[in-house]
Amino acid sequence: MTITSTTSTTVALDTVVEAGDGALVTVPSGGRLQIVDLHGNQAVDTLFYDAHDIDNRYSAFDTIREQRAVFLTTGSRLVSTRLDELAVITDDTCGRHDTVGGACSQESNVIRYGEFTRHQHACRQTFLRYGAKAGIGQRQLTHNVNFFMNVPVTSSGGLTFEDGLSAPGKYVEITASRDLFVLISNCPQVNNPCNGWDPTPIQLLGRW
Amino acid sequence: MTLDHTHEVPGGAAWSAPVRAGRTITLTALADGANATMLIIGADRLDRLNIPDTLKSQMSARIKPGMVLMSDRGLALATVTASTLDWHDCLTGALPDQLLLLELTKHGFGEPDLHACINFFSKVSVADDPRASLTYVTDHAHTGDTVTLRADQDLLIFLSTASHALSDGPSASVAVRLETPDHTPDPELREEAIRALRLTRELIA
Ligand SMILES: [Zn+2]
């Protein structure tokens, strides 16, 4: 099910991230990063930082406002708190992605599902672990993109988590508008349908 | 004895204040189309308002009475105890705001603390179309509209009265009133919100 390069650009990165694991990837300006949902319905929690100034970081709600729409797909510009363009979604075979729902944490799991989830692994544990080597700590964590995740927002102001629209082999491609750190958590959540109740591996394919 | 505090924040300004646990914060729109963008930082000066966690644990895409505003670490920061409006925007952020950034800097914070905000008094409607398209609602808040929060731990609140980023109208003044009631009962809350409040009272409040 892995995808192989079909262009002449060098494949600089080709790796599988296991369910519940993460990655910190440096993508140079102009580089293209594909995230492949190998088995379908797998939420991939992702943060973007200017590699030369991590305070210039992805802003979910500025991105939503600038495009006047909640869901992300091809053409969505991912902007920072300074309104700099960090990256653009340049290909998307899934159709839409969430950036309202944030990342799971041990603490938010307790609130949502109960005390029994206190010590289950969660995305923000992964973010802190992989972000540390880039200087990304608790203060630098912000609200992420959830690739392949389906969080419908309704005209009456409601919000739910639902089964994904994704399927095995669906992918999304991000093209970096400047040198970036891309911090990824392949979500381990088992208490809601965001991973189809069964977290699975993803593939990262970088061309630059 | 704690005195009440009132202040009128003029349009296009920024303001910040500490708010002790148990106090209430009432904002009043002093003109039609007012906007009050708020950031909240918790008692330990690291834990911040987390809009995604607030929304997904209470199945809402807007801020309304009967919601607990939750922190990054799953604690209750404040409870929205009353409002004349049932929709306060929290999906469209705020433009870079030098005055708000200066207020953060006065308290030792800065750009890394520009977490998601609430735009009190503003509404951005969501369409039931494939992208969930957004439209700023021009006739939402009117003079005299209010919202009241109860602080559930010691807070720092940061407020900007710049116009909403999607509004082409003028900015408007907002009145702030801090009071110390003997007791502010919980409004009707979801079980997730009750859990957050209980944990907060057990751990830090
Ligand atoms: Zn997760």
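**Entry: a salt bridge across the two chains**

I looked up Arg124(A) and found a salt bridge to Asp53(B). The closest N and O atoms of Arg124(A) and Asp53(B) are 2.6 Å apart. I note here that this is a predicted model.

How many salt bridges are there between chain A and chain B? I count 3 salt bridges. I then looked up polar contacts between chain A and chain B, and the count is 25 residue pairs. Both residues of each pair have pLDDT 80 or more. Which elements of chain A touch chain B? Strand 5, helix 1 (60-67) and helix 2 of chain A each supply at least two residues of that side.

**Entry: the interface as a whole**

I turned to the contact between the chains. In chain A, 48 residues are in contact with 47 residues of chain B. Chain A and chain B bury about 3,900 Å² between them. Carbon and sulfur atoms carry 57% of that area. Which residues of chain A lose the most area to chain B? They are Arg65(A), Ile111(A) and Arg139(A). Together these residues make up 19% of what the chain A side buries.

**Entry: strands 4 and 5 of chain A**

Next I looked up strand 5 of chain A, residues 53-57. Its partner here is strand 4 of chain A, residues 44-50. The two strands run antiparallel, and 2 bridges join them. They form a hairpin with 2 residues between them. I also checked who faces whom: Asp50(A) stands opposite Asp53(A) in strand 5.

**Entry: the zinc ion**

Which residues coordinate the zinc ion? I found Cys104(A), Cys123(A) and Cys187(A), each through its SG atom. The distances are 2.2 to 2.3 Å. In sequence the donors follow the spacing C-x18-C-x63-C. Cys104(A) and Cys187(A) link distant parts of the chain, 83 residues apart. Cys104(A) lies in the loop between strand 7 (85-92) and helix 2 (106-113) of chain A. Cys187(A) lies in the loop between strand 10 (180-186) and strand 11 (202-207) of chain A.

Are these two cysteines buried or exposed? Cys104(A) has a relative accessible area of 6%, so it is buried. Cys187(A) has 3% relative accessibility, so it counts as buried too.

I moved to chain B. Where is His88(B)? It sits in the loop between strand 6 (76-83) and helix 2 (98-106) of chain B. His88(B) counts as buried because its relative accessibility is 0%.

I listed its contacts, leaving aside neighbours within four places in sequence. Among them are Arg62(B), Ile63(B), Asn119(B), Phe121(B) and Val147(B). Ser83(B) is in contact as well, and a polar contact of 2.9 Å joins the side chains of His88(B) and Ser83(B). Phe120(B) is 32 residues from His88(B) along the chain, yet their C-alpha atoms are separated by 4.9 Å.

**Entry: salt bridges elsewhere**

I searched the whole structure and got 27 salt bridges over all chains. I picked out some of them.

In chain A, Arg129(A) forms a salt bridge with Asp21(A), with the closest N and O atoms 3.9 Å apart. The pair links distant parts of the chain, 108 residues apart. Arg129(A) is in helix 3 (residues 123-131), while Asp21(A) is in the loop between strand 1 (11-17) and strand 2 (22-27). Arg129(A) counts as exposed because its relative accessibility is 58%. Asp21(A), at 27%, is partly exposed.

In chain B, the side chains of Arg20(B) and Asp154(B) meet in a salt bridge of 3.2 Å, N to O. This pair also links distant parts of its chain, 134 residues apart. Arg20(B) is in the loop between strand 2 (14-19) and strand 3 (24-29). Asp154(B) is in the loop between strand 10 (146-151) and strand 11 (155-160). Arg20(B) is exposed at 57% relative accessibility, and Asp154(B) is partly exposed at 30%.

The side chains of Glu103(B) and Lys106(B) meet in a salt bridge of 2.6 Å, N to O. How many residues apart are Glu103(B) and Lys106(B)? They are 3 residues apart in helix 2 of chain B, so about one helical turn separates them. Glu103(B) counts as buried at 8% relative accessibility, whereas Lys106(B) counts as exposed at 62%.

Definitions and conventions: Residues numbered from 1 in each chain as written. Chains lettered and ligands numbered in written order. Predicted model: local features only at pLDDT ≥ 70, side-chain atom pairs only at ≥ 80, totals over all residues. Heavy atoms only, no water. Donors = N, O, S within 2.8 Å, 3.2 Å for Na, K, Ca; no water. Helix = DSSP H or I, 4+ residues; strand = E, 2+ residues; numbered from the N terminus. Buried < 20%, exposed > 50% of the residue type's maximum accessible area, 1.4 Å probe, protein only. Pairing = 2+ DSSP bridges. Contact = heavy atoms within 4.5 Å. Buried area = accessible area lost by both parts, 1.4 Å probe. Salt bridge = Lys/Arg side-chain N within 4 Å of Asp/Glu carboxyl O. Polar contact = N/O pair within 3.5 Å; in protein donor to acceptor, adjacent residues only side chain to side chain.
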